[in-house]
Amino acid sequence: MNWQAVSVATKNEAIETVADILLQVGAQGVQINDHDAISVTAYYPDDEQLGETITAIQKALKHLSDIGMSVAPATITVNGIQQKDWEDNWKAYYHAERVTRHFTVVPSWETYHPNQIDELPIIMDPKLAFGTGTHETTRLMIQALENVVRGGESMIDVGTGSGVLAVAAKQLGVAHVLATDIDEISVNVAKENLRLNPVAQDVTVVASDLLADVVISPVDLIVANILADVIERLIPQTTTLLKPGGLFLVSGIYDNIALHIEDVLRANDYTIVQKSQMGEWHGYIAQLKEKN
């Protein structure tokens, strides 16, 4: 197996925090480099999930900045390749990949013919900041959507990233999807991918810090595939935007924090109706309790 070294440039007081981020997304250990400048390095398999791993690292670094914790300069280097060059190198190994029973993620430049009648394509162009949609956490979420969608639902996709979950939901028959992400750059990338998928042309994408800026009638489904510490902040925000009896589908939760997230869900009037796991990653389908 080939490996890539992923390094994050930071400052001395942030070494522990950055190291923790790299460990949370799957590194077995980290190396601290403090010769000319401080950086933290970890090694990850050089496969189709590497972009998703870097996505998680970048989002975690941005989240720290958003809450006032400086880890500057927080630039990411991959085996000596700056992140601006990463997208150009991605095509060498990003190809159509079956991610669930029904769905295959396909890059826009590749001609792909489904192998079976019920196979559904999701067209995605990879961007370093937003990933390809093939990570375990995304698979868990798409499987959860396959389990619960009956057609005609309304849904909010929180932290939509590449837009992959919004496309999957529309393919399954969800009628109305509102997707959110943290800033206009993220929103624009999601819109670019949504335009590649005819079924998702009516998805609305807005900039919002989680659900803080969302004004909408309660929906049937809320989905979120984001970092675990952000999920903890999100959960209380979902209860007023979800219909009683509605479903919250959530992933991005690693082993060490799974039980805590379960406790937070229950404390906010959710019943956990399904748990799923791939590797160290957990996903949940939780139902908001009916009001008496």
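Colleague: What share of the contacts in the protein with a separation of 6 or more comes from residues 24 or more positions apart?

Modeller: Such residues account for 64% of those contacts, where contact means heavy atoms within 4.5 Å. This is a predicted model, in which local features need pLDDT of at least 70, side-chain atom pairs count only at pLDDT 80 or more, and totals for chains, interfaces and linings use all residues. Residues are numbered from 1 along each chain as its sequence is written, and side-chain values use heavy atoms, without hydrogens and water.

Colleague: How much of the protein is buried?

Modeller: Buried residues make up 53% of the 292 residues; buried means under 20% relative accessible area (1.4 Å probe, protein chains only).

Colleague: Why is helix α7 called roughly parallel to α8?

Modeller: Helix α7 (residues 228–238) and helix α8 (residues 255–267) pack at an angle of about 5°, with their axes 10 Å apart. Angles under 35 degrees count as roughly parallel, so α7 is roughly parallel to α8.

Colleague: Which residues make the contact?

Modeller: Ala228, Ile231, Glu232 and Ile235 of α7 meet Ile257, His260, Ile261, Val264 and Leu265 of α8.

Notes. Axes are lines fitted to C-alpha atoms, for helices over the stretch in contact, and angles run from 0 to 180 degrees between N-to-C directions. Helices (H or I, at least four residues) and strands (E, at least two) are DSSP runs, numbered from the N terminus. Angles under 35 degrees count as roughly parallel, over 145 as roughly antiparallel, 65 to 115 as roughly perpendicular and the rest as oblique. Buried means under 20% relative accessible area, exposed over 50%, partly exposed in between (1.4 Å probe, protein chains only).
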